[in-house]
Structure formats: structure tokens, C-alpha cells
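Open the model in your viewer and keep the sequence panel handy. We'll go from one selection to the next, with a word on what is there at each stop.

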Amino acid sequence: RFHHTSTSHLCSCSKTISDEKYQDPFQLGRKDLKNLYEDIKKELLVSAAELKEMCDYYFDGKGKAFRPMIVVLMARACNIHHNNSKEVQASQRSVAIIAEMIHTASLVHDDVIDDANSRRGKRTLNQIWGERKAVLAGDFILSAASVALARIGNTTIISVLTQVIEDLVRGEFLQLGSKENENERFAHYLEKTFKKTASLIANSCKAVSILGCPDPKVHEIAYQYGKNVGIAFQLIDDVLDFTSCADHLGKPTAADLKLGLATGPVLFACRQFPEMNAMIMRRFSKPGDVERARNYVLQSDGVQQTTYLAQRYCHAATREIRKLRPSPEREALVHLTEMVLMRDK
């Protein structure tokens, strides 16, 4: 049902806020994210010098802090919607910190599982310190996030955010499996995408909405916005694996194919080139499979179809967030959906 891309659909997202007052999410979220990485390092206080060095390696302040920024903007949008409060609560900011810690721990573990050698344009922890120490560093970051979560002292928030950790593990197991049936395969891919990427954003947004507003409808709006943006973010990530150069992306291209993974562009391309089915089932393990599959994807409309699907998720996110009372933060979250679609790394 995703096979009816047209240029009018592809262009529509850029018009969604042309008549709105422009709000730069990064500018708006900056004041709440000041000293974010210093605060994370305080959560990671350790006596072991090597472990500290490993934790500091990724929390170097050079990341875009995409997830914490969504979380603080959602916190403000929900607070304003509820009682016109202009402040972010300390507990809401803690959720933003915890989200970044969980995300980084998952990257460390992913790099070990994938035997990756570069991340964010530099060598991975497992390349420098070895797999065993990298796993332990990821575990340590996760445990520190759990301590910070317990300190919030709200059992509902603990339940919401521990769901993220469960989803990350389940998502990784889904990624290790595959489906023969074409429709099952796509559902499997979207479920994996939700669990590995979108659950963190969805549940972090839900957590700050619970802290800021008692209305369950608002909690659902926050959750659905985060879920849809998160899935769109990963879909674009999967597109960039085929369209961006390695230097620009900060990690090798065609990385997913090399790991035996069939992402959106591959699954769409398979509908035009059924001979890819055999390659998908053997996880691109034969010599020449990766290059052949990449060429099939680039000859097909797989990239365009995946981009179109990402746009649909972004439209759904926009529909949800517009249910909140107007605010600069709400408009910044609308604009953020466009930034997700337009990013090139």
C-alpha cells in the first residue's frame, strides 16, 4: 500500500509550517540542555580511571543531543498545555539525561554486536578497548541511568522508562531473526524499528508528559508523537545507508547489508526484484551479495518509497502534537519532523 509515491506527496512536508512562526528546536531547547553532558558525567562518577575514560569518550559534548532536545521540548509543550507553566521541572530534565544515557549505552552494545569500527566519525569503544570492556562500559552507563531513574522517585515513570530497556533487548533479538513471508517481513522490520529506536523517544516523551500533566490523553499524544518521529528517524537512517557517503555519515555505508540486515529500501526493492529474496534469506552472506543487493536498491524505487513512508510517520507525529495548546515548543516539535526528513547524516 506504499506504492503510490508522487511528487506532490514528497514535497508536502516542507509546506506544513510555512505560515507558522519559525521555531528552531535546537535554539529553543538549548537553555534546558545547558551543561547536559557535565550532568551526565556527574551521574557516571567512578574511581576506575579507564572506565571513566571510556564513559567520557562518547559523552564529549559533540553530539547533537537529539533525544534530550525532543524530551525537554515535549516537557515544555505539555506544561504549557496543562497550566501554562513556562518552566521545565527538575524531574523532567532528569528524564532527558536518562534518555541520552540509555541511548548511548545501547550504541556501545550495538557496536559490540555488530563488530563496528566507527561511530560518529571516530573509532568505537570496542575497537579501542576491546569487546569485553566495551560491554561492561555499556552496562555501567545503563546502571547509572537506572540509579538516576530511581532518584526521580515515581513508580509510574520507572515503569515507563524500564520498558525502553526491555524493548531495546527485544529489538536486538528481532534484528537477529528474519521472516520468509514478504508481509510478515515488513511488519517484523517495523516492529524491530520501533523497539530499537522509537520506544526510547516515545516513552521518554510519555514520561515527561506524566510528570507535567495529569491528563491521559496528553500522555497518549506525547507517546504517539515520539513513536512516529522515532520510526521516521530510523527509516531515514536506513535510507542514508544507501545514499550518503561514509565520511559524511560518520560510519561505513551499506553497513546494514554487510550485517545481513534487510531494511526498508531493501524490502521495497525486493518487490521489484524478487531475485533479492534468496539473498535476504541467506542474509547477504555469499560473495558479491552485498554489492548486488545495493545495486538492486539503487535501481529500484526502494529509497523513494522508504522516504515516503517516513513522511507519512512525520505527518502522523504532526497531527498528534497539534492537539496540544499552541506554544513555541509545540511549533518547534512540528518543525523537528521536517528536520528528521531533511537530515543528511
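Select helix α17, residues 302-321: 16 of its 20 residues are buried, so this helix is mostly covered, where buried means under 20% relative accessible area, exposed over 50% and partly exposed in between, with a 1.4 Å probe and protein chains only. Helices here are DSSP runs of H or I, at least four residues, numbered from the N terminus. Before you go on, note that this is a predicted model, in which local features need pLDDT of at least 70 and side-chain atom pairs count only at pLDDT 80 or more, while totals for chains, interfaces and linings use all residues. Residues are numbered from 1 along each chain as its sequence is written, and side-chain values use heavy atoms, with hydrogens and water left out.

Stay on α17 and check its length. The end C-alpha atoms are 29 Å apart, which agrees with the 28 Å that 20 residues should span at 1.5 Å a residue; the expected span is 1.5 Å times one less than the number of residues.

Axes are lines fitted to C-alpha atoms, for helices over the stretch in contact, with angles from 0 to 180 degrees between N-to-C directions.

Show the side chains where they meet. On α14, pick G264, P265, F268, A269 and Q272; on α17, pick G302, V303, Q305, T306 and L309. Contact means heavy atoms within 4.5 Å.

Next, jump to A65, in the loop between α4 (49-58) and α5 (66-83). A65 is not a glycine, yet its phi is positive, about 50°. Is A65 buried or exposed? With a relative accessible area of 9%, A65 is buried.

Then move to N84, in the loop between α5 and α6 (90-114). Phi of N84 is also a positive value in a residue other than glycine, near 60°. N84 is partly exposed, at 41% relative accessible area.

Last stop: Q27, in helix α2, residues 25-33. Q27 counts as partly exposed at 48% relative accessibility.

Conventions. Helices (H or I, at least four residues) and strands (E, at least two) are DSSP runs, numbered from the N terminus.
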